[in-house]
Amino acid sequence: MERQFGLLENTLDKVTFSKTINYRGVNVQEIDCNCDIKLYVKIENNRIFIIKIGYREWNIICSEKFLNYFSQLDEKSQIKISIVINYLEEKGVNLGAENSSKIKGTNFNLRELRPINSNNEAIRIFYTFTPKRMPILLGGGNKDNCNPITWYKQQIKYSRKRIY
């Protein structure tokens, strides 16, 4: 459903309403802003009232290498990884440093997810974003039992092949 509203004085912007949802007992319209946020608004007497601002949900693409790695893990590790993937799905490019960091030594935006660390595990999930800013999970591993420098170089090499 499309409606036109003057969102700024003397301008007429086209707004696309994705769906109607119930937010704290009020029916509100979700607006797709074509950016990292969603607006939830209430419309009365041709006026827009912003009710809530939230992040859009991100569809995550999984490479075959990641799926193979994930399927070989024990249930506890899968749960830890699933939690941090859910964070990525919720926040996308806005995921904070406590769960994600940029990999140094790359000429592209390679990042790593860091699941909750227990039992001295250092599980890392490598990912990047498509031009449309969709996360792609490229692979993963536990860097504890190997030389971290060599391990990162191998992960970067594979990730570069997967992207280009």
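The protein chain has three helices and 10 strands, where helices (H or I, at least four residues) and strands (E, at least two) are DSSP runs numbered from the N terminus. This is a predicted model, in which local features need pLDDT of at least 70 and side-chain atom pairs count only at pLDDT 80 or more, while totals for chains, interfaces and linings use all residues. Residues are numbered from 1 along each chain as its sequence is written, and side-chain values use heavy atoms, with hydrogens and water left out. Along the sequence the elements follow the pattern β-β-β-β-β-β-α-α-β-β-β-β-α.

Start with the open sheet of five strands, whose order is β6-β10-β9-β8-β7, with mixed pairing. Two strands pair if DSSP finds at least two bridges between them. Strands of a sheet pair through backbone hydrogen bonds, either parallel or antiparallel. β6 (61–62) and β7 (100–102) are at the edges, each with a single partner strand, so one side of each has no neighbour in the sheet. β9 and β10 (residues 135–142) run antiparallel and are joined by seven bridges. In this pair, Y127 stands opposite L137 of β10.

Two helices lie across the sheet. α2 lies across β8, β9 and β10, at about 30° to β9. These angles run from 0 to 180 degrees between N-to-C directions, with axes fitted to C-alpha atoms, for helices over the stretch in contact; contact means heavy atoms within 4.5 Å.

Next comes the largest nonpolar core, which has 15 residues; F66, I81, L88, L113, I125, Y127 and L137 have the most contacts inside it. Such a core is a set of buried Ala, Val, Leu, Ile, Met, Phe, Trp, Tyr and Cys residues joined through side-chain atoms within 4.5 Å. Buried means under 20% relative accessible area, exposed over 50%, and partly exposed in between (1.4 Å probe, protein chains only). α1 (64–71), α2 (75–91) and β9 (123–129) each supply at least two residues of this core. Another core, of nine residues, lies apart from it and includes F108, F126, L138 and W151.

The count of salt bridges (a side-chain nitrogen of Lys or Arg within 4 Å of a carboxyl oxygen of Asp or Glu) comes to one. It joins the side chains of E112 and R124, at 3.6 Å from N to O. E112 lies in β8 (residues 111–113) and R124 in β9, so the pair ties together parts 12 residues apart in sequence. E112 is buried, at 6% relative accessible area, and R124 is buried too, at 12%.
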